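Subject: Structure handover and notes

Hello,

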Amino acid sequence: MSFRYQVHFTRDLFAPGNTLLRDVAAEPDKGPKKMLLIVDRGVYRHHPRVLVQAEEYARRHRDAVTLAARPVVVEGGETAKNDPTWIEIVHKAVEKAGLCRHSYVAAVGGGAVIDMAGFAAATAHRGIRLIRIPTTVLAQADAAIGVKNGVNAFGKKNFIGTFAPPWAVLNDFNFLSTLSSRDWIAGVAEAVKVALVKDADFFGFIERHAGPLSQRDSCAMRHVIYRCAALHLEHIAGGGDPFELGCSRPLDFGHWSAHKLEQLTGYRLNHGEAVAIGIALDTIYAYREGLLPEKDFNRILDVLRNLGFSLYVPELDASVLGGLQEFREHLGGRLTIMLLSGIGKPMEVHKVDEKGVLKCIEWLKNREDKNATFIEQKSRMPQIQGVKGEAVVKLRRVFDNAVDGI
Ligand SMILES: NC(=O)c1ccc[n+]([C@@H]2O[C@H](COP(=O)([O-])OP(=O)(O)OC[C@H]3O[C@@H](n4cnc5c(N)ncnc54)[C@H](O)[C@@H]3O)[C@@H](O)[C@H]2O)c1
Ligand SMILES: [Zn+2]
């Protein structure tokens, strides 16, 4: 089976003169296509003219696209995925508007609303075309790019969902100006993740621009989004397993604990913040196991800190280990966790030493609690030399000393 969809970058998507949306929706000789707009309340709050603009847009381009009903505003953030009522609201709107499989649901919002509306679209009539219009850094760089949708259930992230490629993804950079500081930087955690498993040069770019990125440098952020989205697309198109039939999921590096932490914190942590902690944890673990060189270990932790992420929350304790089993169940097959043997060098492991993970958590806790900089830690760590087998043993000891010695 092959499939194809377009990912575009634009500004002012609903400006009357911007023909991107009409061009993506129109089909020659098929008359105007029906579209139902689902809008994230957070977007509506910060861009109150978006509904009127979309309606004006459809009037202007009525030969190609018509709005089948007034736009539906849904709750933004994880509530959209935690409360099944929102799926029902979208299903009802689809039914009332008389959409068919050749019509479009267009979801405007963050990753959560896009995941929820995408699931509703994929299950109405067994699949209505979905146009994703992501409005956060994380959604433009990652969540909206791939072929997955879903909602949370039974306290588990993305427990219900489908694989369903979108019709198109339209990234409008202008939406990003109104993001909170937390949501602005959260998406960069996913960029760090994909850079670590796929592109060492891109990691270098993020490293060099960590300051400007955290200070809302739009130019640097546009590059991050573009490169992150491109790497995701390359993975889906060329990775050989777009629908995740195997056990391996390189783009879920750092996610086994991140998904669990989101749940354990009652979603106080947003997805990107949880991913930053998940990356830190797996980085420390790989270093402790003697898989990852110290230099890379330092660079990764430094970049996360320089972007402004906190790498410890009180909920990061033994209960996070439950995330390993949940991750395995979600993936299917044997446990497969992605670790790093270097920046840009992923490696899979099938066993995780839980006691070792707890040591890593303890180390992170001590480090954050005492506000010790990693430079101080490092100065206590002797250079590791010798063959790999020896290095593992020495690293373990050094690491344990570092924990005890703080
Ligand atoms: N399907 C996938 O492949 C995939 C991949 C990664 C993440 N995700 C999911 O994405 C979700 C996280 O998405 P997110 O980081 O975009 O956060 P989010 O969707 O939770 O949105 C965060 C907040 O920003 C608001 N918002 C959205 N756009 C805005 C704008 N332009 N201006 C001001 N406020 C705005 C929302 O209303 C919400 O309050 C998680 O549920 C995660 O599991 C899915
Ligand atoms: Zn993610």
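Let me start with Arg 328, which counts as partly exposed at 27% relative accessibility. By that I mean between the two cut-offs: buried is under 20% relative accessible area and exposed is over 50%, with a 1.4 Å probe and protein chains only. Arg 328 sits in helix α15 (residues 322-331). Helices here are DSSP runs of H or I with at least four residues, strands are runs of E with at least two, and both are numbered from the N terminus. Cys 247 is 81 residues from Arg 328 in sequence, yet their C-alpha atoms are 8.5 Å apart in space.

Some housekeeping before the rest. This is a predicted model, so local features need pLDDT of at least 70 and side-chain atom pairs count only at pLDDT 80 or more, while totals for chains, interfaces and linings use all residues. Residues are numbered from 1 along each chain as its sequence is written, chains are lettered from A and ligands numbered from 1 in the order in which they are written, and side-chain values use heavy atoms, with hydrogens and water left out.

**The zinc site**

Which residues coordinate the zinc ion (ligand 2)? The donors are Glu 190 through OE, His 255 through NE2 and His 271 through NE2, at 2.0 to 2.1 Å. A donor is an N, O or S atom within 2.8 Å of the metal (3.2 Å for Na, K and Ca), and as water is not among the atoms, sites may look incomplete. Along the sequence, the spacing of these donor residues reads E-x64-H-x15-H. Glu 190 belongs to helix α8 (residues 181-198) and His 271 to helix α13 (residues 271-288), so this pair ties together parts that are 81 residues apart in sequence. Glu 190 is buried, with a relative accessible area of 2%, and His 271 also counts as buried, at 17%.

Strand β2 (residues 33-40) has 7 of its 8 residues buried, so the rest of the structure largely encloses it. Two strands are said to pair if DSSP finds at least two bridges between them. Here is how β2 pairs:

- With strand β5 (residues 104-109), β2 runs parallel and is joined by 5 bridges; Val 39 has Val 108 as its bridge partner there.
- With strand β3 (residues 65-67), the pairing is parallel over 3 bridges, and Met 35 stands opposite Leu 67.
- With strand β4 (residues 72-74), the pairing is also parallel over 3 bridges, and Asp 40 has Val 74 as its bridge partner.

**Cavities and a pocket**

Rolling a probe the size of a water molecule over the atoms shows where empty space is left. On a 1 Å grid over the protein atoms alone, a cavity is a set of points where a 1.4 Å probe fits but cannot get out, a pocket is an open set with protein on both sides within 12 Å along at least five of seven lines, and lining residues have an atom within 4 Å of a point. Points are joined across faces, edges and corners, and a volume is the space filled by probe spheres set on them.

There are 2 cavities of 30 Å³ or more. The largest holds about 60 Å³, and the zinc donor His 255 is among its lining residues, which also include Asp 252, Trp 256 and Phe 327. Its lining divides into 5 nonpolar, 3 polar and 3 charged residues. In this grouping Ala, Val, Leu, Ile, Met, Phe, Trp, Tyr, Cys and Pro are nonpolar, Asp, Glu, Lys and Arg are charged, and the others, Gly among them, are polar.

Of its 16 lining residues, Arg 129, Leu 130, Pro 165, Pro 166 and Trp 167 lie nearest its centre. By class, the lining has 8 nonpolar, 4 polar and 4 charged residues, and β6 gives the largest share, 3 residues.
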